[in-house]
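Welcome! Take a look at the sequence and structure below, then work through the exercises step by step.

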Amino acid sequence: MSVGQAAAGGVRPGRRALLVSGTKALRLVWRSAPGQMLGFSAIAVAGGVIPIVAAWSTKIVLDRLVSPGPVGVVVGLAIGLACVGVIGAVSAQLGRYLQGEVDRRVGLRAQDELFTAVEGFAGLGRFEDPAFLDRLRLAQQSADSAGQIVNSVFGLGRDAITLTGFVGSLAVISPVFTAVVVAAAFPALIVELRASRRRAEMMVRIGPAERWRFFYGNLLTTVDAAKEIRLFGLGPYLRGRMNDQLRAADAAHRDMDRRELATQGVLALASALISGGGLIWILVVAGRQGFTVGDVSVFVAATAGVQSALGGLVHTTAMTHRQLLLFDHYVAIVGACPDLPEPVAPRSLPPLRHGIELCDVWFRYSDEHPWVLRGIDLYIPCGRSVALVGRNGAGKSTLVKLLCRFYDPTKGTIRWDGVDIREVPVTELRERVGAVFQDFMAYDFSAADNIAMGDLGAIGDTSRIEGAARHAGVHHTLAALPHGYDTLLTRTFASASIDDDPQVGVTLSGGQWQRVALARAFLREDRDLMILDEPSAGLDAEAEHDVHTRLRQVRAGRTSVLITHRLGAVRDADLIVVISGEEIVEQGDHPELMAAGGAYARMFALQAAGYVAAREAPVDSADLSGERR
Ligand SMILES: Nc1ncnc2c1ncn2[C@@H]1O[C@H](COP(=O)(O)OP(=O)(O)OP(=O)(O)O)[C@@H](O)[C@H]1O
């Protein structure tokens, strides 16, 4: 069962699993904040003992007050009692501070471990699995509040100490009454535990609604969607859908709250009746049974103490239970097996010398999805340029994603100089690949950092970054920005404070971004395989021509795979591969494919005819990109 499926199926972690989660949570706390944990545990013990000491001190003071004796003793006892109060107040404050510190330290470590695990998922499959995404969201919530578990666990210890002390005190006065008070706590414990389990299950159930709500909220606040939302008047419609999701989640929460209100109400009533009954009883029998004023005060304090400690114990047990159920998602993600099988005996991947071979490769995104590629046999020779062409949805991008091992083929193998790429560590494979993807990233970073993302070693290396930008034809554009390459390519983080330049963040055009993405890829041009998935989409005609001319130079003598719908740009590729109906239907160079008169020749003729027709219309050849050459 996958990490995501376990959450989707609502599989309940058993007691053993919760015990494991609890142990892992405490270990996490110990690793993150050992000193604070020890301090907190000492305060928890003090917090458990102080109420009992206070109750007995009060009894002694009261008994001394009503019996004749030296005043000095009473004053001494009163001072002692006051000291107990001071210690209690100070330790409570110190406990709060330590709790805050534990929260911060544990939160940082838990988040780091969670994201390290997420980063370790080498493929893309898990990020497309809704159940996994729900589990990840819950794991993130749990990571944020992992420190609270220690509060709950030590709270349990504190309440257990107080309870033991008060039960002992109460038992001295009335064993029967003690038994009644303690027995009344068991139904409460069972009810609370059930409620916490139901709440944890509900959190999983409302996961999709939460995700949709987040999606709509994001959509309504991001600049990318703002144009269409405003022009098409989508705001009220999307807001309505977002509110529907919130209402659905709220309905589930309300249902839980109502159930809890009913059961908690009954339990609170029972508790009040028991303590009220106890008070009446002690006042009635006090004279007859020779109880002192101090005995009555201990009885009242012990009854309240037992009930409050029992209530606290039950509540904290339920809360710990709920936190552990949530923490189980964190444990599952952090301890998840790799999404792509790792080689048992990894082989190293030498520089490409001969070629990459796809042998009878079949692929579909999951068992529920249709085949995207069927029986692909393809050889990409070292040092040659290969172009993949075909209709939208033919499977071209999927094929290059397999070359990067974002997924493993469902059937068949991909060999790098004869080595199955599943037998080498995936990081080694990716070290040898450079790429610009169709859906490239526009990071909210500076222009320089946006390019350096292609190779972190280039951060701060101005000459490399500028070299790549020149190569991609975007150097002059970036150099002319308000702060040159240090300009933020986003308005999101621009500061409007008086000291900062409000112009510091800029937004690039689509074509300029495309060139920045190309520059990023050019930082890796020394890699063995260069993947270019629609590198000129979104560029104007001249810019496109310019980019393909530059790419031709970069690709010369290198192993590259180019995907483009501009067939003019693939004419000089060493090998053109046409994909259609999930299969390779043709391959060869341009003259061969044109001579064959098949799908490629038809597509090429169609595009060429369009250009010939276009020639008859007036063309404004101004370079709209503004890039000087
Ligand atoms: N992550 C995914 N999960 C499920 N199906 C997918 C996924 N990505 C792509 N597909 C499907 O796989 C098929 C091939 O998509 P792919 O992106 O490889 O086509 P393409 O040839 O690159 O198309 P285009 O020219 O439009 O970019 C399409 O039917 C698409 O819907």
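**Exercise 1. How far apart are the centres of domain 1 and domain 2?**

Solution. Taken over C-alpha atoms, the centres of domain 1 and domain 2 are separated by 57 Å. Next, find the bounds: domain 1 covers 3-334, and domain 2 is made of 351-432 + 572-617. Such bounds come from an automatic or database domain assignment.

Before going on, two notes on the model. Residues are numbered from 1 along each chain as its sequence is written. The model is predicted, and local features need pLDDT of at least 70, side-chain atom pairs count only at pLDDT 80 or more, while totals for chains, interfaces and linings use all residues.

**Exercise 2. Where does UniProt place the feature "transmembrane region", and what is the chain like over residues 37-57?**

Solution. Start with the record: the unreviewed UniProt entry puts this feature at residues 37-57, 69-90, 166-193 and 266-284. UniProt positions are in the numbering used here, feature names are shortened, and annotations may be inferred rather than shown by experiment. Now check the secondary structure, where helices (H or I, at least four residues) and strands (E, at least two) are DSSP runs, numbered from the N terminus. Residues 37-57 are 100% helix and 0% strand, with end C-alpha atoms 30 Å apart. Residues 266-284 are likewise 100% helix and 0% strand, and their end C-alpha atoms lie 27 Å apart.

**Exercise 3. Is Ala 270 buried, exposed or partly exposed?**

Solution. First locate Ala 270: this residue lies in helix α10 (residues 235-289). Then recall the cut-offs: a residue is buried if 20 or more other C-beta atoms, placed from the backbone, lie within 10 Å of its own, exposed if 12 or fewer, and partly exposed in between. Ala 270 is partly exposed because 14 other C-beta atoms lie within 10 Å.

**Exercise 4. Which residues touch the most other members of the largest nonpolar core?**

Solution. A nonpolar core is a set of buried Ala, Val, Leu, Ile, Met, Phe, Trp, Tyr and Cys residues joined through C-beta atoms within 7 Å. The largest one has 71 residues, and Ala 387, Leu 388, Ile 451, Ala 519, Ile 576 and Val 577 touch the most other members. Helix α17 (residues 510-522) supplies the largest share of this core, six residues. A second, separate core has 35 residues, including Ala 25, Val 102, Ala 146 and Leu 326.

Now zoom in on Leu 388, using contacts (C-beta atoms, placed from the backbone, within 7 Å). Not counting residues up to four places away in sequence, Leu 388 touches Lys 396, Leu 399, Val 561, Ile 563, Val 577 and Ile 579.

**Exercise 5. How many residues surround the ligand, and which are the closest?**

Solution. A residue is counted when its C-beta atom, placed from the backbone, lies within 6 Å of the molecule. There are 13 such residues around the ligand, the closest being Tyr 365, Asn 392, Lys 396, Ser 397 and Thr 398. Helix α12 (residues 396-403) gives the most to this shell, with three residues. Sort the shell by class: three residues are nonpolar, eight polar and two charged. Here Ala, Val, Leu, Ile, Met, Phe, Trp, Tyr, Cys and Pro count as nonpolar, Asp, Glu, Lys and Arg as charged, and the others, Gly among them, as polar.

**Exercise 6. Is Tyr 600 buried or exposed?**

Solution. Tyr 600 is found in helix α20 (residues 599-615). Tyr 600 counts as buried because it has 26 C-beta neighbours inside 10 Å. Leaving aside neighbours within four places in sequence, its contacts are Val 389, Ile 576, Val 578, Glu 586 and Leu 593.

Methods:
Contact = placed C-beta atoms within 7 Å.
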